[in-house]
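Subject: Structure for you

Hi,

Here is the structure I promised. Please open it first, then read my notes below.

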Protein chains: 4
Amino acid sequence: MNTLNFVNDRPLDFIAMGRAGVDLYARERNTPMEDVSGFDKFVGGSPANIAAGLSKLGNKVGFIGKVSADPLGRYVVNYLQGIGIDTSRIVFDDSGSKTGLAFTEMKAEDCGLVMYRNNASDLLISPQEISEDYIRQAKALVISGTALCRSPSRDAVLLALMYARKHGTVVICDVDYRPYSWDSPEEVSVYYSLAAEKCDVIIGTREELDAMEHAVDPGNTDDAVSARRWFDHHAQIVVIKHGKDGSFAYTREGEVHRGGIFPVELVKPFGAGDAFASAFSHSLLQGQGMTACLEAGAASASLVISRDSCTEAMPTAEELRDFIAAHNR
Amino acid sequence: MNTLNFVNDRPLDFIAMGRAGVDLYARERNTPMEDVSGFDKFVGGSPANIAAGLSKLGNKVGFIGKVSADPLGRYVVNYLQGIGIDTSRIVFDDSGSKTGLAFTEMKAEDCGLVMYRNNASDLLISPQEISEDYIRQAKALVISGTALCRSPSRDAVLLALMYARKHGTVVICDVDYRPYSWDSPEEVSVYYSLAAEKCDVIIGTREELDAMEHAVDPGNTDDAVSARRWFDHHAQIVVIKHGKDGSFAYTREGEVHRGGIFPVELVKPFGAGDAFASAFSHSLLQGQGMTACLEAGAASASLVISRDSCTEAMPTAEELRDFIAAHNR
Amino acid sequence: MNTLNFVNDRPLDFIAMGRAGVDLYARERNTPMEDVSGFDKFVGGSPANIAAGLSKLGNKVGFIGKVSADPLGRYVVNYLQGIGIDTSRIVFDDSGSKTGLAFTEMKAEDCGLVMYRNNASDLLISPQEISEDYIRQAKALVISGTALCRSPSRDAVLLALMYARKHGTVVICDVDYRPYSWDSPEEVSVYYSLAAEKCDVIIGTREELDAMEHAVDPGNTDDAVSARRWFDHHAQIVVIKHGKDGSFAYTREGEVHRGGIFPVELVKPFGAGDAFASAFSHSLLQGQGMTACLEAGAASASLVISRDSCTEAMPTAEELRDFIAAHNR
Amino acid sequence: MNTLNFVNDRPLDFIAMGRAGVDLYARERNTPMEDVSGFDKFVGGSPANIAAGLSKLGNKVGFIGKVSADPLGRYVVNYLQGIGIDTSRIVFDDSGSKTGLAFTEMKAEDCGLVMYRNNASDLLISPQEISEDYIRQAKALVISGTALCRSPSRDAVLLALMYARKHGTVVICDVDYRPYSWDSPEEVSVYYSLAAEKCDVIIGTREELDAMEHAVDPGNTDDAVSARRWFDHHAQIVVIKHGKDGSFAYTREGEVHRGGIFPVELVKPFGAGDAFASAFSHSLLQGQGMTACLEAGAASASLVISRDSCTEAMPTAEELRDFIAAHNR
């Protein structure tokens, strides 16, 4: 059952918040990064990917974030704007920060990745830059956990969550835990917990939930226990992903739904989580049941990892429908 | 009515957490700091003062904090230990931080103050240094807001609050808001709000509550509205102090109690809040009603500001009783 | 006259020191960076370019520097090693620094450039990592001014200069002044002056010499005065470049030599200075006169800016000879 | 022989540059710092002490430095001004830095010391704040090595040295090496060497000269070798102190002079070096020979360590004369 209560008369369906950067994909497949001749340029970053996915599925989407005031920052904003996303709340920073970069190899396994995140622009968004009014204009706010790793971005996310709760904007959290961004497991657990207490929907892998619970319930590996923790706060739905073993959606009413996966040939492993989150969230807003939501998420994930990019690989509603139909035949 | 539910079979009555430093009081009264010949040395810092006050009133008190591994840090620990406080959870830091200092003039008005807080040891306490087991051993945890101003101390306090809630340790928060310690009013509001949501008792001045509410309810000046915000979370009692106009204690049950003040001749203005918090908290643990708690707080505050120091000026239970009796005659 | 005194029985002809990074060149020419589809990957950084140029001209070259312990850092080292440079003194850093990046458009004019230099690995090389023995093994040390912009790299360069003076290693300084790397014009002037006092050969544009003299001789624009300043210390030759108007070489003996330029069709403006420095330094070591040295420098510069890359565009001795012959016909 | 060439028609005899802070001396003698009741307040810091000493000996003295814009910073400036020092070039900083503090015990041996130097104001003086004209107005500039430990103070000192050399202001360097202020022995050696190359007079202990030479002549312990190194640059006189074994003054002309010490009863060990430097420098300006200069330095040192403070203990010319006469009887 999907008991989420979206406030429908709002101009924006979703606001995504956090990291938007540049992905640089190795030009040659199955080649070590040292040896490639160059890189293809795409927009990336988990919340940017989710925003792109939501937009392609037909939603009105806004983005809250920060990029550098230079050609790479402008590229990110131009791209998001070009696919119909409202970028009026993306701030250009000229203090010396740089739009985050992710250099990646193109491999199915052991896929090399080099992140440029020193003084990354996205982590400089501050609570002063969060508009209460903007958050009040959206049916849902999608946050991605990486934005919690450091102040002032952390403070900005926590304030956005307070505004969302105050105004009935449904909060969806994609855990998106990246250990290299954090100083200690305790810090991870403290801030993920504080954020999760304010969320309606939480989506993460089992490993990500372990990291969230590190300090508050060390050693727990029981999905049902993890889910219940957040039902004591504001959560309505907790989705726990188990890779090839599929996903489980727990609801506050006590239901458990299992979702499978759609096997495809893998081009590169990343983007799967963002694709899942966007299609799952879209289906929630459409009022679909848990089973349909999980199926949409899994289908979108499979589609993206079988393609060359992330933002650009996100499927339209029609592509998603066709893919599911073809695989369920 | 005092509906707090202290778990009584615990070895510690109170744990205070946060800043413990050295106060250096001008040797000559009513003299500009430039012109004094030297300074008297005392232990200070809001939670250290509260801990001293609670200990003098007969409670078993522990302290969580961090000081520099040097003679001044050792002085702080020796002093607290000497008045019966358990200092086993005070960490000595040898990374180059320094125990915070407060140089003060001794004046009734316009009392000059110079703080040494650059790389202060107390703000370096980290969540890894917080023992869940220690917090489980106390009936109540007293936190002071200054410890929220910066990570990792901020993270440590938030984790301590999670442990306290998990184990039924009553949480008392003295807001102790120092604007110079913070970067922006939004940051103040975000972290004070997150902490306050986990507290059973909140004690602050009207100005401090304004700072807490800056982002989440800007412009509100109604004490009852402020109090209700926290009753929606875990708060049972919210005390709002109005200086010479006395204090108001709001309870979750909807009662409002007014407390007066005891007029005395002022030697120096500081220490009043810490004295209030310690006597009020002590009275809460004794199971006293709101009126008695407010009276004890006010009496302790008056006693301390009519004396030369802070920690040393804190009254015993007998002194407090005598003072109240003398003034109520 | 070329009165430099190279100590000839040493295994290395040149050691270059400083920045070695990754250049990412826009795949499409004359296209704004926002709109290019991707980037070609090359090794770059002024001293790396000079080292490549010297190596291609047939010299035994070593490099002192620091790169990130990741695929991009390994690419830089592999490339330099592949063209015959001794990379045994390039340190891999795993503290979180990143190999510097330079994204560039490919345009003859208004050529957009985005530098990634936040916590750049090259600026982390420290004096502890400078081997006195290594510097004693080279005939000449080539430093590039950007390495002076920040400690510890600054300290490392200054120590390398002390070792070079102690052991008779000829010091060649390419000023390579990048305003964005520095905090104040006074700082620029102080450290460039201290370094220049220890150099045998100084190569810079008029604007670069103005920056060097900002504090010590403000307002001077007379090349001869600028040159004499350094002749009072260790300089033997000062080359001042005036763009399209050619260059002037001043010698300690009081000679002035003028060098012209070789007009070519410009593909991109960068790399010219590095090409000049490498061919000029090579000619110095060959014992050639000032006129021949200036001509070689100018020819190499013209060759590089008419080609697509930097390191790879550096000419061999034969290419250089042919180019000069063709143009002087 | 004293071959220093002071330019005599200048309004200031000496400018001292660097650290000026607050010394807090334990009120009780021979008591651990933990147990003293308070502290007496004095002005301190090596160059401030030297400036006070020079002023008391009858010189016109100026000071270049930075203090916090608060009562403690104002105290430092008021005090120096009160003893006749020109403080027009002391900058008040309001960026959050703090005037440095030194808490000390009062003991003849194992004298405890706690320094507060985190974000110390004196280390924030920048090259932009150095007036070339001011340095041109003094016969001599006295620098103290601690100011070299960190930028921007380091940059400011190096620029002041360049101005002094340009205008014939005699430079006297008191090495004043404090290991805790520095990051690595190599950094110490690099910057002390660069500064010493620009000095006319260098005064240090054997241990301090070892630290200066760490990178450039490791293992040398021969005073004559140490002295000669600097004679190759601008030094005229190098004084090397050997504690109770007295001092040796080496001159560029090849002379060596030995100075003894005046035994006294020690109250506290600090201040001796500053007293020596001020009386020695004063005697140099008076045109006295090496033997007389060394005797004045030793006498002033003995006087100061037999007294309770530093700045205040500095002798007048008459006191110094009487002390020497009494001891030489």
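Which side chain does D:R27 meet in a salt bridge? The partner is B:D40, at 2.8 Å, N to O. A salt bridge here is a side-chain nitrogen of Lys or Arg within 4 Å of a carboxyl oxygen of Asp or Glu. Chain B and chain D share four salt bridges.

Some ground rules. This is a predicted model, where local features need pLDDT of at least 70, side-chain atom pairs count only at pLDDT 80 or more, and totals for chains, interfaces and linings use all residues. Residues are numbered from 1 along each chain as its sequence is written, chains are lettered from A and ligands numbered from 1 in the order in which they are written, and side-chain values use heavy atoms, with hydrogens and water left out.

Now the interface. On chain B, 28 residues are in contact (heavy atoms within 4.5 Å) with 28 residues of chain D. The buried area is about 2400 Å². That is the accessible area (1.4 Å probe) that the two parts lose on being put together, summed over both. Carbon and sulfur atoms give 56% of it. In chain B, the residues that lose the most area to chain D are B:E34, B:Y116 and B:N118, together 29% of what that side buries.

Strands meet too. β3(B) pairs with β3 of chain D (residues 38–44) in the antiparallel sense, over three bridges. Strands are DSSP runs of E, at least two residues, numbered from the N terminus. Pairing needs at least two DSSP bridges between the strands. B:F39 has D:F39 as its bridge partner.

Best wishes

Terms used:
Helix = DSSP H or I, 4+ residues; strand = E, 2+ residues; numbered from the N terminus.
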